[in-house]
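Hi everyone, thanks for making time this morning. Let me put the model up on the screen, and then I'll walk you through a few places in it.

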Amino acid sequence: MHSSEDDVSKNTGPKLKPKLSTISLGVSTQPLCYDESHVPSQRLLDVTLSSVDTRSPRLFAAPADLEDGGYFDVEDVQQGGSLRSVSSPNFDAYTPTRPTMPRFLTSSRLTAGFLSGFLGAGKSLHSGAGGENSINYYDDFSISDSINSTIELSAEQHELERRAAKSLKWKLILFYYSLQEWILIVIIAFLSSLLAYVINKSESLLIDLKRGYCSTNIFKNKHDCCHIAELKTETINCSDYKLWSELLHTSKFIVSPEFLIFLLLTLSLAYMSVKLTLTTKTHNPLPNPRKSNADVIYTAYGSGVPEVKTILSGFIIRRFLGTYTLFLKSVALVLAIASGMAIGKEGPYVHLSTCIGNICARLFTKINTNSLLKRQILSASASAGVALAFGSPLGAVLFTIEEVSYYLPVDHLFRIFFCAIMSILFLKFLNPYQTGRAVLFEVSYTSDWRPFELLCFVIIGTAGGIHGSLFCKFTSWWGRTFRNHRLIKNFPAREVILVAFLTGILTFSNSATNRSTTELLTDLATPCEQGSSCPSFDNQLMVDGKRGVLDYVKLKQEFGVLFGALWIKLILTAVTFGIKVPSGIYVPSMVLGALFGRLLAMFLQILCVKYPSLSLLLFDRTFKTIGEVETCVDFGIYAMIGAGSFMAGITRMNVTLATILFELTSSYTYVLPISISIAVSNWVASLIEKKSLYELLIWKNDYPFLDNRRVPSFDPKMTLKDLLFLHERKDTSLINGSTIDIVESGFIKANDLRRQMNILRSKSLIDGCFTIVKNSSILVGVLPLNKLELQLDKIDQFKFEFSIENDLLVKLADSKDFGDAKLNSDSVSNTLSKNDIHSKTHSSNLYDDLENPLKLEQCSKEEIVIRLMSSLTDFTRIIDHHPLLLEASSPLSLVLMVFSRLGNREICVLDKGVFIGTLHKKFFIDYLKNEDKPNN
């Protein structure tokens, strides 16, 4: 309901004294505001102001309770002291003049902000008018500082050890303190395995529903309905499972009803998946020099691996790891996979497990409040996702090290391994496949390879590298051309429906493609030789039911089926990747490689049949007749090596991938061929396209990721000073405007500081900083913008609650730093009485007093307000007084090493001991991106 300006003025009056409201914290209900007869609750003020930190929702990010999202600003008292309605979107970093206060910020909305932060904040607190560049958290889209996190962790550990040395109680607290990470890892492993169990069961049910249904229980998939102990894909005689063609008589329809139901369910599942994904829309507020508009981000779209990789490097993306994203991506992933499109769930598993880790970390303050510890827990969570996807705990650990982790201490390695094995253990107990195994398939190879076959494995690796590099180039080109078309760009659901329709048309009639990608990969990788079980489409190739004996004519027919399947999968995988549904590339790329590898093995088999002497020379095997032959090559191992090669060409994983394939095959014999093929694939792919698929996605989305695995070539004549003033030449206010020179006093007006902050943000960074200097050359410290905005918002809230109309001075340096200089005359606005209270405000540690309600019980109303005000305006507590310093002549390779190894956010530059400027990490990353553009 709209509120007019007259109504607001009538209700509130010019002095802005709001009505009393209450806050429910689950413990007690206390008033937030006060009138003439009410003393403010110090406990509540501490909750609403002092305990809010940079991880909390922004106090003024949500619009007031108006349908048009308007705000109210306090005009100057000399102009009448009236209220002026300001129609404005959410407060953001680019608003040059920011309203002082919203009309009213109820305590219930503050409570909702805290609860939203715990539950994941999948959506902003209030959408309002919104803006594409608006952010709802102080630390959103900012870079965390690992150095400060390490310092805080060390200080906290020292304090606990000091107290534990004197008390048994604190010894027990320290013991619990050390166990928190292990308890959290077990919780994450269990919840991740439970989620994987639900996804697997739901996915298989929907996939089988496209073909038929269980007559005894429609909520059972085919294998549960028929009580099959082992997962087989051959024709199963089961009276309980009914095909749609049996229910609907085919002769009455021109088009097969089974095909119509198959296509209809494919389109329906894909549509529901994309609609769920589109509800997770948000924006990247970072200024992108290559684009005019902010990037749209769907937190449930894609695999999530590039974003997880960026987050673990120290970048904060709110809502991406929240509860809302976790729930919607899980449901949308099941629907997308069941639709039959060429997507995988392995990459999204990494994202979902990391979401679980982020949410569960809120149970422990020690971990949730320390960005470095939290990223270590997220690394362990990512390993659980890979372990659950492939049943490979060792491969999961290597994946975390090689692919996603950035700052990984050696002592954390065992925690990652522990999380991986615990997740596998829990999934094995849940037994989703009714086989007693934690993965869908495990294959074993008893044959041995011949020296000649190394050439074949090199050919497979070369093909995988060529395909991987061209796939990366094609997806980038496809995104710039087709997806930028006006009919697709603003309507992403159209592309999903189009791809789903194409998938249903092309895959239904081919026996190798009308099944799930995981089942197809299982069939392709299973060997067919004497004494082993054969996949379904090889049963038709056997003569007189003898395993390992193939019919030559049917072998050629099956070659044609798989060759057609290869082209279908090539086309569908290329156009499907990047559509707005949860999707991974791991299994689809492995299916392509498995098809190629098995086709190569079948081609060699045909050559052996036509030229028996060639078989004797190359494979040391002879054949009895042309019509009835034994296999000279192992089809399954060629398919598995091809799967690894094609996946390596796209992702550029090496040791991780070799280990995963080794754990899947349990074969020491083929470790060397698998490793050789993966290595060749990496080499060939890097020659054509040096960036992997995920690196290209990070570059496309303009995430501030600094690669710590490669050292680019720098011009030796280019120094840190040159780089610093390279940005100043583009905008002279960039460096000068980010420096606050305190000459005569360590105080500055809060509104002036906010105005300068908004100007700096509009021209540079969301999470930039002010450098505090004395006499233009002596470095005092660094004031991060996210902490500054939080503290300024607390001051605005304080002024609103206590009806303070004048501006306040904030303290940036101690008075003793300026000799006997006293506060200037404007400091009188920092008081609420006419008495000289300078001695009261500086007589004790006010911030500690605020956290001790017992001391405040003895204080008067004026004293409480003064103490709170003094604490809020003391900015020396949020200034980083120990920034990292580098000499201006430092080479850029040293700058890269400092940023990538230490994890700091900015570097203060000194020229022969004199401060000249501050280089932010994002500026350095932008410089590297401009110097190293993708060559596609």
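A word on naming before we start: helices (H or I, at least four residues) and strands (E, at least two) are DSSP runs, numbered from the N terminus. This is a predicted model, so to speak of a local feature I need pLDDT of at least 70, side-chain atom pairs count only at pLDDT 80 or more, and totals for chains, interfaces and linings use all residues. Residues are numbered from 1 along each chain as its sequence is written, and side-chain values use heavy atoms, with hydrogens and water left out.

Let's begin with S511. You'll find S511 in the loop between α18 (492-507) and α19 (517-525). Is S511 buried, exposed or partly exposed? S511 is partly exposed, at 37% relative accessible area; here buried means under 20%, exposed over 50%, and partly exposed in between, with a 1.4 Å probe and protein chains only.

Now the overall picture. The protein has 37 helices and 21 strands, and 57% of its 936 residues count as buried. Taking contacts (heavy atoms within 4.5 Å) between residues at least 6 apart in sequence, 76% join residues at least 24 apart.

On to helix packing. Two packed helices are described by the angle between their axes and the distance between the axes. Axes here are lines fitted to C-alpha atoms, for helices over the stretch in contact, and angles run from 0 to 180 degrees between N-to-C directions. Under 35 degrees counts as roughly parallel, over 145 as roughly antiparallel, 65 to 115 as roughly perpendicular, and the rest as oblique.

First up are α8 (residues 257-278) and α10 (residues 323-338), which pack at about 155 degrees with axes 8 Å apart. These two helices, α8 and α10, are therefore roughly antiparallel. Their crossing is left-handed, meaning that the near helix is turned anticlockwise from the far one by less than a right angle; clockwise would be right-handed. On the α8 side, the contact includes L269 and M272, and on the α10 side, L328 and V331 are among the residues. By class, the contact of α8 with α10 has nine nonpolar, two polar and no charged residues. For these classes, Ala, Val, Leu, Ile, Met, Phe, Trp, Tyr, Cys and Pro are nonpolar, Asp, Glu, Lys and Arg are charged, and the others, Gly among them, are polar.

Next, α24 (residues 635-651) and α26 (residues 671-688): the angle is about 30 degrees and the axes are 8 Å apart. That makes α24 roughly parallel to α26, and the crossing is right-handed. Among the contact residues are G644 and A648 of α24, and S677 and S681 of α26. The contact of α24 with α26 divides into six nonpolar, six polar and no charged residues.

Last, a stop at the backbone. Most residues other than glycine have a negative phi, and most peptide bonds are trans. Which loop holds D702? D702 sits in the one between α27 (693-701) and α28 (720-730), and its phi is positive, near 60 degrees. D702 is buried, with 5% relative accessible area. K912 also has a positive phi, about 55 degrees, although it is not a glycine. K912 lies in the loop between β20 (906-911) and β21 (914-920), and at 76% relative accessibility K912 counts as exposed.

That's my tour, and I'm happy to take questions.
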